[in-house]
Amino acid sequence: MDRDGTLNVDLRYMKDPGRLELYRGVPRALSLLHQHGFRVVVVTNQSGIARGLYTEEDVAAIHARLQERLARHGSGVDAFYYCPHAPEDGCVCRKPNPGLFQRAASDLGLDLGSSAIIGDRLLDVQAGERLGLLTAYVPEPGERLRYPDEVPLARASADICAPTFFEAALRVMARG
Ligand SMILES: [Mg+2]
Ligand SMILES: [Zn+2]
């Protein structure tokens, strides 16, 4: 799954773990996914590193905080993958490119054909399409005007459109 705007409020180039705010229902949804035999993997574009806005250590601190918050609810993420590059770097790991998903599949022994992606942006849906994943689109709550142009295409392209992460997770589990 995606991180910013999907699991937590997207503050754009978040550097301070103290500002991390999980969406309601996320810990429980991740627990249910685990119970259904899914591995929970975060794949996130963090171009703020290439832009010099924060460091890889800052990203690690945010992921540690995220795990800590999830652990309070008996939940957690199995692995984090992030792209540190800028869009103009032309890397293979920035979503919608498949690099990080392929690395995760190899590291964790995942079958991409029976995997799903949940995300709040068109690029999440597009990454999933390229890899043959089940795609679930959850437009960022209250932020629909941030990327209004991509909403219709994302809705039309995704296998599942859901109003919340929790609902998306339930629908992924119902399919798989
Ligand atoms: Mg996002
Ligand atoms: Zn990259």
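Guide: Happy to. Of the 176 residues of the chain, 32% count as buried, where buried means 20 or more other C-beta atoms within 10 Å of a residue's own, exposed means 12 or fewer, partly exposed is in between, and the C-beta atoms are placed from the backbone. Please keep in mind that this is a predicted model, in which local features need pLDDT of at least 70, side-chain atom pairs count only at pLDDT 80 or more, and totals for chains, interfaces and linings use all residues. Residues are numbered from 1 along each chain as its sequence is written, while chains are lettered from A and ligands numbered from 1 in the order in which they are written.

The chain has 6 helices and 5 strands, the helices being DSSP runs of H or I with at least four residues and the strands runs of E with at least two, numbered from the N terminus. Read from that end, the order is α-β-α-β-α-β-α-β-α-β-α. The radius of gyration is 15 Å, close to the 16 Å that the globule rule gives for 176 residues, so the chain is as compact as a globular protein of that length; the radius is taken over C-alpha atoms, and the rule is 2.2 Å times the number of residues to the power 0.38. Along the principal axes, the C-alpha atoms fill a box of roughly 40 × 35 × 35 Å.

Now to helix α6, residues 165–175, where Phe 165, Ala 168, Ala 169 and Val 172 are buried. Viewed down the axis of α6, these buried residues fall within an arc of 100°, so they line one face of the helix; the arc is that of the directions from the helix axis to the C-beta atoms. They pack against α1 (26–35), β3 (116–119), β4 (134–137) and β5 (160–161), judged by contacts, meaning C-beta atoms, placed from the backbone, within 7 Å.

Another residue of helix α6 is Leu 170, which counts as partly exposed, with 17 C-beta neighbours inside 10 Å. Leu 170 and Leu 32 are 138 residues apart along the chain, yet their C-alpha atoms are separated by 8.3 Å. For the chain as a whole, 63% of the contacts with a separation of 6 or more are between residues 24 or more positions apart.

The strands that α6 packs against include β3, β4 and β5, and these form an open sheet of 3 strands in the order β3-β4-β5, with parallel pairing. Two strands pair if DSSP finds at least two bridges between them. The edge strands, β3 and β5, each pair on one side only. Strands β4 and β5 run parallel and are joined by 2 bridges; Tyr 137 has Cys 161 in β5 as its bridge partner.

One backbone detail elsewhere may interest you: a cis peptide bond joins Lys 95 and Pro 96, with omega about 15°. Pro 96 is found in the loop between β2 (79–83) and α3 (99–108).

Note on methods. Contact = placed C-beta atoms within 7 Å.
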